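Hello,

Here is the structure I promised to pass on. Please have a look at it first, then read my notes below.

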Amino acid sequence: MSPESTGQNEHYIRVIQRRFRTWRGNRPFWAGLFAILGGLPIAYFPYASMKLGNMTLAMSTTAGAGSLIIGVLLVTLGLTMWFHHIVRVFAGVAAILLALVSIPVANIGGFVIGFLFALIGGALSISWAPGEPKSADEAPLDEQPYEKRPQERSEDALQGAATVPQQQGAGSDTAAEADGGSHRAG
């Protein structure tokens, strides 16, 4: 091992963070997260109950099964956005439609919390586009690894330097210099 080799002594948490950042950058991560966060309150609130002393407050409605289906579908669409980002437009449109349907079906869309999250997640999914990969030539030299930097030739390095124009004397004959300095007659 040479002291120049990187990655050998790197901490595993930093490696995991870098891999997650790369994975997250290649898909509509935030869209999927918002869709999942939108589906959870829509599915949860119709089955939730809260106890206040001896009194139980339950939000059960007749549309409990419908809100559970909508919530589960939104969570599934969020996971689809993460793992099958090719169908992101379909998943985004479906998330927006399910968010709109959840208003009358699922306690005003999970008390508007789930509705807003699902709506934002669907919109982010539709608007997300994969980034164009940068070629090695376009990236600045500071961002390129040392091994992959193009080698500068001496002529290329000199072209950037200031050049001094050659001065010609008043009596110089360009035709004579083209013939190697000899006259045509001789």
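Predicted model: local features only at pLDDT ≥ 70, side-chain atom pairs only at ≥ 80, totals over all residues.

**The whole protein**

The protein has eight helices and two strands. Along the sequence, the order is α-α-β-β-α-α-α-α-α-α. Of its 186 residues, 24% count as buried. The accessible surface comes to about 13900 Å². Carbon and sulfur atoms account for 61% of that surface. I also looked at contacts between residues at least 6 apart in sequence: 66% of these join residues at least 24 apart.

**The core**

The largest nonpolar core has 15 residues. Ile-42, Ile-70, Leu-74, Leu-77, Met-81, Ala-95 and Leu-98 have the most contacts inside it. Four helices each supply at least two residues of this core: α2 (29-44), α3 (64-83), α4 and α6 (113-127). Helix α4 gives the most, with five residues.

Take Ile-70 from that list. Leaving aside neighbours within four places in sequence, Ile-70 is in contact with Ile-42, Leu-98, Val-101, Ser-102 and Val-105.

**The surface patch**

There is also a nonpolar patch on the surface, with about 990 Å² of accessible area together. Its members include Trp-30, Val-89, Leu-100, Ile-103, Ile-108 and Ile-126. Helices α4 and α6 each supply at least two residues of the patch. The largest share, five residues, comes from α4. So helix α4 gives the most to the core and also the largest share of the patch, a pairing that rests on what counts as a helix here.

Ser-102 sits in helix α4, which covers residues 88-105. Is Ser-102 buried or exposed? Ser-102 counts as buried, because its relative accessibility is 0%. The cut-off for buried is under 20%.

What does the side chain of Ser-102 reach? It reaches the backbone oxygen of Ala-99, at 2.6 Å. Beyond its neighbours within four places in sequence, Ser-102 is in contact with Ile-42, Ile-70, Asn-107, Ile-108, Gly-109 and Phe-115. Among these, Ile-42 and Ile-70 are core residues, and Ile-108 belongs to the surface patch.

Now look at Ile-103. It is found in helix α4 too. Ile-103 counts as partly exposed, because its relative accessibility is 34%. Ile-103 is one of the residues that form the nonpolar patch.

Best wishes

Methods: Residues numbered from 1 in each chain as written. Heavy atoms only, no water. Buried < 20%, exposed > 50% of the residue type's maximum accessible area, 1.4 Å probe, protein only. Polar contact = N/O pair within 3.5 Å; in protein donor to acceptor, adjacent residues only side chain to side chain. Contact = heavy atoms within 4.5 Å. Core = buried A, V, L, I, M, F, W, Y, C linked by side-chain atoms within 4.5 Å. Areas by Shrake-Rupley, 256 points an atom, 1.4 Å probe, with all protein chains shown as cover. Patch = residues over 30% accessible without salt bridge, like charges linked within 9 Å, V, L, I, M, F, W, Y side chains within 5 Å. Salt bridge = Lys/Arg side-chain N within 4 Å of Asp/Glu carboxyl O.
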